[in-house]
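Colleague: I'm new to this one. Could you walk me through how the labels were reached?
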Amino acid sequence: MFMQTLQNRYTCRSFNNEMNVSDADLETVLEAARISPSCFNLQHWKLLVIKGRDKKESIKHCFHMGKNSIMVSDSSILIIVLSKKAEILRAGTEYVSNIFNSLYEDELIRKHIYEGYAKKYPTDEDINNWSKRQCMLAVSNIVNCATSLSINSAIMEGFKEDPLSECINLDRNLYDPVVCIALGYAKPGKIKRATRIEMEELVEFL
Ligand SMILES: Cc1cc2nc3c(=O)[nH]c(=O)nc-3n(C[C@H](O)[C@H](O)[C@H](O)COP(=O)(O)O)c2cc1C
């Protein structure tokens with residue numbers, strides 16, 4: 001069943017602009033992101049959801065011209081996935097302390113892990129890069145959950161970070177935009193499937 005969902009997912013580049021994702025389905029997809037795993041349970045992502053077509057029109061110029069901006073226009077929903085930055089994730093912030101407190105009841109263990117955390121990502125740049133990587137699990141769960149509900153999706157990195165951040169009044173001290181996910185329903189037509197490398201090339205058993 002799960003494999004069937006993975007096999008059904010593909011990047012939809014041609015959405016039917018007359019079909020909308022229901023609020024109930026959207027809620028399910030967002031829940032898939034909410035319960036995604038993350039290192040130290042720090043839940044590095046924040047999701048901005050744009051439902052209205054007018055709002056999407058106002059930001060589509062921030063996306064690479066051609067397919068991406070059309071995908072933004074024609075999809076039903078656009079999710080902008082943000083990564084939390086060092087300002088939030090640095091050891092010692094209220095956010096991190098609260099999560100560590102809920103994760104590790106034993107004070108000594110908590111202190112030990114906290115120190116390890118502070119050393120593993122010593123600079124803000126380390127934290128910010130790590131945080132972006134962590135977001136991809138939530139992204140994966142979003143698109144696969146959408147597929148399980150027969151909703152088509154497209155993950156997009158092809159946008160200009162600074163103009164988009166300005167358009168949505170994003171505080172770049174706190175967040176970076178990582179990817180955008182268009183959700184909707186495909187126009188009827190033949191699906192061109194991307195190929196994959198063979199298993200023998202992908203996997204090496206040691
Ligand atoms: C992080 C990420 C960024 C991507 N950015 C874009 C994009 O900007 N525009 C686009 O058309 N496809 C984008 N894609 C889709 C990939 O091109 C696509 O996943 C790949 O070719 C495999 O095809 P499939 O998703 O149909 O299996 C992106 C995919 C990922 C995972």
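Colleague: Which residue of strand 4 does M156 stand opposite?

Modeller: M156 stands opposite C180 there. Keep in mind that this is a predicted model.

Colleague: What makes strand 3 and strand 4 a pair?

Modeller: Two strands count as paired when there are at least two bridges between them. Strand 3 and strand 4 have five bridges, in the antiparallel sense, so they pass.

Colleague: And how do you know that strand 2 pairs with strand 4?

Modeller: Same test: at least two bridges are needed. Strand 2, residues 77–84, has eight bridges with strand 4, again antiparallel, so that's a pair. In it, L82 stands opposite P177 of strand 4.

Colleague: Why is strand 4 called largely enclosed?

Modeller: Nine of its ten residues, within 175–184, are buried, so the rest of the structure largely encloses strand 4. Buried takes 20 or more other C-beta atoms within 10 Å.

Colleague: Why is E31 called partly exposed?

Modeller: E31, in helix 2, has 13 other C-beta atoms within 10 Å. Exposed would need 12 or fewer and buried 20 or more, so E31 falls in between.

Colleague: What surrounds the ligand?

Modeller: The shell includes Y10, K67, N68, A154, I155, M156 and V179. Helix 4 (67–74) and strand 3 (152–156) are the elements giving two or more residues each. Strand 3 gives the most, with three.

Colleague: How does the shell divide by residue type?

Modeller: Into six nonpolar, three polar and three charged residues.

Key: Residues numbered from 1 in each chain as written. Predicted model: local features only at pLDDT ≥ 70, side-chain atom pairs only at ≥ 80, totals over all residues. Near = placed C-beta within 6 Å. Helix = DSSP H or I, 4+ residues; strand = E, 2+ residues; numbered from the N terminus. Nonpolar A, V, L, I, M, F, W, Y, C, P; charged D, E, K, R; others polar.
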